[in-house]
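Welcome to my notebook. I opened this structure today and wrote down what I looked up, one topic at a time.

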Amino acid sequence: MSIIVKRTDSSSYFPPGFEALERAALESVPGVRYCGTQDEVPTDGDLCLLTNTHTDLAKWEALRPRVKLILHPNSGHDNLVPGWTEVPLVLGNPIRAQAVADWCLSALYTHAAPIRHHSAWPATRDWPRTLTSERRTLIVGHWHVGKILQQKLQVTVLDPFEKLDADLWGGWDVVILAASLNKENRHLLDEEFFNTCPPDFLLINPARGELVDERALRDFLQKNPQARAVLDVHELEPFTPNYWNTPQVIATPHIAGVWQGLIPTMIEYETEVLTLFTTGQLS
């Protein structure tokens, strides 16, 4: 089976020469021809759209009858939904799952036990902290990232799709969002939710900014000086300077899934998927 792979969009974390690397790897698969973001799509032949978070499928509607596969080597795919349901869609959640889980664990432990250098021996060695095991923690979402976090933390998980029930409004000390965005969970954490949270509540969100009603979060933080939020995703991306103008929020620029080995791992994943597809082994 032969197929033309069209990369629809680039990403700001791609290094110089990324498409040359991607082309060399994908065209090593028999039957694969690669078209970069600036390449014209040939007028005939089956297509695979290689997408990312910037992709708008509506822009590719004219090619829809030729598209046999959508390869989305990203985790969040809300920009593709509702999409072309008749076209197989392969997601790249395994690529970044460990990196995102590490980011969440770093956020949690840095908050719970920030390690600071002492240049002199203090008069007292008091450390008024709460252990993570003593804090009621809820993970929302039980897919790749959520499963890793549950194994590490042994905490409660809420995921209706996996039939894992928990009371979202149960007054949790910590909530970690690991769910995909859909039309039903936008602003899942809203004013009603924050009204149930303790004054030292911690929110960790590497999933999607739209899962949180940011107005309600800002109001909650203003009323509760001990509350904290560690946010990798935001309703406005890229966010404007001083978007989170409070020391209660640690904001990172959607980089929880980025690490030194991301590019080779992503290209390797794409190559594996296309090998399975062209040999008829992709189920």
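**Ground rules**

I am working with a predicted model, where local features need pLDDT of at least 70 and side-chain atom pairs count only at pLDDT 80 or more, while totals for chains, interfaces and linings use all residues. I number residues from 1 along each chain as its sequence is written, and side-chain values use heavy atoms, with hydrogens and water left out.

**The whole chain**

I looked up the secondary structure and found six helices and 11 strands in the protein chain. Helices (H or I, at least four residues) and strands (E, at least two) are DSSP runs, numbered from the N terminus. Along the principal axes, the C-alpha atoms fill a box of roughly 75 × 45 × 35 Å. The protein chain has 283 residues, and 47% of them count as buried. For me, buried is under 20% relative accessible area, exposed is over 50%, and partly exposed is in between (1.4 Å probe, protein chains only). I also checked contacts, meaning heavy atoms within 4.5 Å. Among contacts with a separation of 6 or more, 61% join residues 24 or more positions apart.

**Helix α6**

How far apart are the end C-alpha atoms of helix α6? I get 24 Å, which agrees with the 24 Å that its 17 residues (262-278) should span at 1.5 Å a residue. The expected span is 1.5 Å times one less than the number of residues. I listed the buried residues of α6, including Leu262, Ile263, Met266, Ile267 and Phe277. Glu270 of α6 is also buried. After α6 comes glycine 280, with a positive phi near 75°.

Two packed helices are described by the angle between their axes and the distance between the axes. I use lines fitted to C-alpha atoms, for helices over the stretch in contact, with angles from 0 to 180 degrees between N-to-C directions.

I began with helix α2 (residues 93-112) and helix α3 (residues 144-153), whose axes come within 8 Å and cross at roughly 45°. That makes α2 oblique to α3. My cut-offs are under 35 degrees for roughly parallel, over 145 for roughly antiparallel, 65 to 115 for roughly perpendicular, and oblique for the rest. On the α2 side, the residues that meet α3 include Ala97, Val100, Ala101 and Leu105, and on the α3 side Val145, Ile148 and Leu149 are among them. By class, this contact of α2 with α3 has 12 nonpolar, three polar and one charged residues. Ala, Val, Leu, Ile, Met, Phe, Trp, Tyr, Cys and Pro count as nonpolar, Asp, Glu, Lys and Arg as charged, and the others, Gly among them, as polar.

Next I turned to α2 and α6, which pack at about 150° with their axes 9 Å apart. They are therefore roughly antiparallel to each other. Pro94, Ile95 and Arg96 of α2 make this contact with Leu262, Thr265, Met266 and Tyr269 of α6.

Is cysteine 48 buried or exposed? Cysteine 48 sits in strand β3 (residues 47-50) and is buried, with a relative accessible area of 0%. Leaving out residues up to four places away in sequence, cysteine 48 touches Ile3, Ile4, Val5, Lys6, Leu69, Leu71 and Leu274.

I found asparagine 74 in the loop between β4 (67-72) and β5 (89-91). Asparagine 74 counts as buried at 8% relative accessibility. Beyond four places in sequence, its contacts include Tyr13, Thr51, Asn93 and Arg96.

Glycine 83 is also in the loop between β4 and β5, and is partly exposed at 25% relative accessible area. Glycine 83 and alanine 58 are 25 residues apart in sequence, with their C-alpha atoms 8.7 Å apart.

**Backbone details**

Most residues other than glycine have a negative phi, and most peptide bonds are trans. I noted glutamine 154, with a positive phi near 55°, in the loop between α3 and β7 (156-158). Glutamine 154 is exposed, at 65% relative accessible area. Histidine 187 has a positive phi of about 55° too, and counts as partly exposed at 22%. Finally, the peptide bond from glutamate 237 to proline 238 is cis, with omega near -5°. Proline 238 lies in the loop between β10 (228-231) and β11 (249-251).
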